[in-house]
Amino acid sequence: MKYLHDIIKIRYVREGYLPNYPYHMISDNEMFNAFMPGDDDTLGYFSYYYPAPEDPDLLVKYNTLVDTLKYHIAMHKADPSYEIPAFVYSYMFAGAVGVRSNYKYIHDIINPLGAGNIDDAYTEQAMAAVYNESKYYLDRVQTDKTVEYEGQTIHLRPPTIFGEAHVVKSIRQRLSSGI
């Protein structure tokens, strides 16, 4: 995974989330802190690309995802041999479709879910539709595993309000089967 971390560091340097140093001089902790600073998450890479929704119901789902991301990062910081799940890296690369994604990608996610709009904006209605699709898919392929961490119940793989790869896969399966 070291190679992935190098690519993420290069990206964060180019986008201004890390100082302009060669990637090999930047620690993994600095990279993770640029992604999700901790105390003030509004300054991090994640919160820029995936801002919190205003709707209280969606905000709970968003916070569940944030807690999961923080958990996996904390586990890796504590033990570098801990393997970070691929979905966490999708957020670190801004690979999941969200508010700041290209409108073409947004269009391809929200239209089949019936949440399309003329501007192809990633609205809260779209977030709710994506969450339902994510939950539908994850409920079919896995059991909900949780752990207790710092007095909280953490879902190791929660449904998401953003267009991760499994959401795209689920949409394509539905379209191909005519559901």
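Trainee: By about how many helical turns are K61 and D57 separated in helix 4 (residues 56-78)?

Mentor: Helices (H or I, at least four residues) and strands (E, at least two) are DSSP runs, numbered from the N terminus. K61 and D57 are four residues apart in helix 4, so the separation in helical turns is about one.

Trainee: What pLDDT do side-chain atom pairs need in order to count?

Mentor: Residues are numbered from 1 along each chain as its sequence is written, and side-chain values use heavy atoms, with hydrogens and water left out. The model is predicted: totals for chains, interfaces and linings use all residues, local features need pLDDT of at least 70, and side-chain atom pairs count only at pLDDT 80 or more.

Trainee: What is the N to O distance in the salt bridge of K61 and D57?

Mentor: A salt bridge is a side-chain nitrogen of Lys or Arg within 4 Å of a carboxyl oxygen of Asp or Glu. D57 is partly exposed at 46% relative accessible area; buried means under 20%, exposed over 50%, and partly exposed in between (1.4 Å probe, protein chains only). The side chains of K61 and D57 meet with an N to O distance of 3.0 Å.

Trainee: Is D6, the salt-bridge partner of K2, buried or exposed?

Mentor: K2 and D6 lie in helix 1 (residues 2-15), four residues apart. Their closest N and O atoms are 3.7 Å apart. The relative accessible area of D6 is 15%, which means that D6 is buried.

Trainee: Which residue forms a salt bridge with E164?

Mentor: The structure holds seven salt bridges. In the one that E164 forms, the closest N and O atoms are 2.3 Å apart. Both E164 and its partner are buried, and that partner is R157.

Trainee: What is the relative accessible area of K9?

Mentor: K9 is found in helix 1. Beyond its neighbours within four places in sequence, K9 is in contact (heavy atoms within 4.5 Å) with residues including L18, Y23, I26 and M31. K9 is buried, with a relative accessible area of 1%.

Trainee: How is helix 7 (residues 124-141) oriented relative to helix 8?

Mentor: Axes are lines fitted to C-alpha atoms, for helices over the stretch in contact, and angles run from 0 to 180 degrees between N-to-C directions. Helix 7 and helix 8 (residues 165-177) pack at about 85°, with their axes 9 Å apart. Angles under 35 degrees count as roughly parallel, over 145 as roughly antiparallel, 65 to 115 as roughly perpendicular and the rest as oblique. The orientation of helix 7 to helix 8 is therefore roughly perpendicular.

Trainee: Which residue of strand 2 is the bridge partner of V147?

Mentor: Strand 1 (residues 146-149) and strand 2 (residues 152-155) pair in the antiparallel sense over four bridges, where pairing requires that DSSP finds at least two bridges. The two strands form a hairpin with two residues between them, and E150 in the turn has a positive phi of about 50°. The bridge partner of V147 is I154.

Trainee: Near what value is the phi of D120?

Mentor: Most residues other than glycine have a negative phi. D120 lies in the loop between helix 6 and helix 7 and counts as buried, because its relative accessibility is 14%. Its phi is positive, near 50°.
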